[in-house]
Amino acid sequence: MVKVLSFRFLKMEGWWILSLGFLIGMFLLSEGTVLENDKQALLDFVNQLPHMHPLYWDTNSSVCKNWTGVGCNEDGSRVIALRLPGVGFNGPIPNNTLSRLTALQILSLRSNGINGTFPMDFGNLKNLSYLYLHYNNFSGPLPFDFSVWKNLTSLNLSNNRFNGTIPSSISGLSHLTSLNLANNSLSGTIPDLQLPNLQLLNLSHNNLIGTVPKSLQRFPKNVFIGNDVSLLDYPVSNSSVVSLPKQPYPKSKNDGKLSERALLGIIVASSVIGILGFGFLMVVCCFRRKKEDGLFPGKMEKGDMSPEKAISRSQDANNRLVFFEGCNYAFDLEDLLRASAEVLGKGTFGMAYKAILEDATTVVVKRLKDVGAGKKEFEQQMEVVGSIKHENVVELRAYYYSKDEKLTVSDYFSEGSVAAMLHGKRGENRIPLDWETRLRISIGAARGIARIHAENSGKLVHGNIKSSNIFLNSKQFGCVSDVGLSTIMSSLAHPVARAAGFRAPEITDTRKATQPSDVYSFGVLLLELLTGKSPIHTTNGDEIIHLVRWVHSVVREEWTAEVFDLELLRYPNIEEEMVEMLQIAMSCVVRMPDQRPKMCEVVKMIENVRVRPTGSGNQLSSEGKTESSTPLAAAATHVPETQCDSQ
């Protein structure tokens, strides 16, 4: 009997397991089907709505991977965000497309040319929290019933041609913190919007009449300007005014006359306040000068004009950020204007900024100076650079060209440049670069430069190789940035003093960077990694030392141990590798350009410093060191006999 019961129990248990597995399988299948439906809805939307700028959506890949402007939830099962500002959409939103994205929480289609009425089928998007449709050509009335979007937190429908009245149903949006309906043709009275969480409101420049409801009188009057003047006829909230005391202080006998002591006190107090105020103003001005408040100083002033409009007055309105294929960033020029910008440094070709956008995306924006190329030449060069997809080259994500501004946008590396790692503050908290890391920097940078030299039929030049333009990629190998900018600059006639240390000697005469001059600069980078010294530095006695000349003098005297960074001497069994790397560096910095190795040859030499296992990619192994018989003193003129593979 026990055996029979056990058998029946096991049989039932097996049935439950099979059933559970079936249900899980069906659930996973349904999840995949739902995501495919989201993908098809997006494709239907972009295929049916004409647009100027390509999106580069790869139909063969998952919608959650590298689709520009598309965001998914954590498990990748649904599309929850769509941000496509400034894509150049033109026409009404097609029916039954975006409305199928029922999990959508964020929708931004601002700064396009979308027209027609507000899509009624958006009522299916019940999870919407953020809706941005401003700067389009929508017309007709607003939706009658806003209560379908109970989670709505931010609503911006400004700068369209909406008409009709403001629906009172907006009052039911208890989560709403921002409402912008400015610059439309809305008419009628303002409903009594009981929105306790509302922090930002703008109803300016419409055709509204009547009086401002008491619930909205806490907002300043400028959010209602551009409407009937009677709207402004309401008392300003106590929170924004300091009221005078109802009972004045008792009058003295000498009412209306100031004593000499009181007058003297007022003069002294006024003087002190004036001095303090002037000092504060000077501090603020200095701070602003150092910080540089935005990427476009002078165009971010407060007022009714948006940053986008401020630019369009002086520049071609068709000039937009141009993104490259595979870039999944979703922002436009307006986003960069509003971004929090921190100066990273002033380089040879312009100022670099760390820009943090509203969605926490962090990028590096470089404002180029002294660009000599015209628009067509500039765009052609950017297309060449933007087409480079290599793990050891910092990818150019976007660029912007106008008469007044030229920008490049690339990824931000939080660890900073190799220059900062090598020459940054030295102290107890500093982590020195070990030999393994320096090897990875060398091989990665060499591979990156070799790839750059192979582009544009083998004619592309970097032109600005230095340690401040080298970063560490995700695998901790060197990665080269600022590619190809020298070609579009007006001249190299005015190099900054610190540039002289890494530039090849012939640059002074020719004013033109070449691939051999890139090799020279890379050799200087290797010497930096080996010595820990800057290309040009000073001694304690303020003597200016040129790194290449100093290393040459040390090599001639055969004081090899004096060359290497003291921080490297703590690592055992690396002397042979350092000497081999020094030989490679010296072959790169020979004076005559035609005696320098090609970059692809340099890659092979560095790879042979520590032989890697079979395979490609960013790898290093400590096995199989090769022996070098090249005399150290002769390294300065040694040119390797290896040949580059065909590119």
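Trainee: Which residues is Phe378 in contact with, leaving aside its neighbours within four places in sequence?
Mentor: In this predicted model, Phe378 is in contact with Leu368, Val371, Ala373, Tyr399, Tyr400, Tyr401, Lys406 and Ile488. Contact means heavy atoms within 4.5 Å.

Trainee: Which residues touch the most other members of the largest nonpolar core?
Mentor: Phe378, Phe522, Leu582 and Ile606 do, in a core of 73 residues. A nonpolar core is a set of buried Ala, Val, Leu, Ile, Met, Phe, Trp, Tyr and Cys residues joined through side-chain atoms within 4.5 Å. Buried means under 20% relative accessible area, exposed over 50%, and partly exposed in between, with a 1.4 Å probe and protein chains only. Apart from this core lies another, of 59 residues, including Leu49 and Phe118.

Trainee: Why would nonpolar side chains be together?
Mentor: In soluble globular proteins, they tend to be buried together.

Trainee: What about the numbering and the cut-offs for a prediction?
Mentor: Residues are numbered from 1 along each chain as its sequence is written. Local features need pLDDT of at least 70, side-chain atom pairs count only at pLDDT 80 or more, totals for chains, interfaces and linings use all residues, and side-chain values use heavy atoms, with hydrogens and water left out.

Trainee: Back to Leu582. Is α11 mostly covered or mostly open?
Mentor: Mostly covered: 11 of the 14 residues of α11 are buried, and Leu582 is one of them. The helix runs over residues 575–588; helices here are DSSP runs of H or I with at least four residues, and strands are runs of E with at least two, numbered from the N terminus.

Trainee: What covers the buried residues of α11?
Mentor: The cover includes α7 (435–458), α9 (515–531), α10 (547–556) and α12 (599–609). As for α7, 17 of its 24 residues are buried, so α7 is largely enclosed by the rest of the structure.

Trainee: New topic. Where does UniProt place the "binding site" feature?
Mentor: At Lys366, from an unreviewed entry; such annotations may be inferred rather than shown by experiment. Lys366 is found in strand β17 (residues 362–368).

Trainee: Is Lys366 buried or exposed?
Mentor: Lys366 counts as buried, because its relative accessibility is 10%. Leaving aside neighbours within four places in sequence, its contacts include Asp482 and Lys406. Lys406 is also in contact with Phe378.

Conventions:
Expected span 1.5 Å × (residues − 1).
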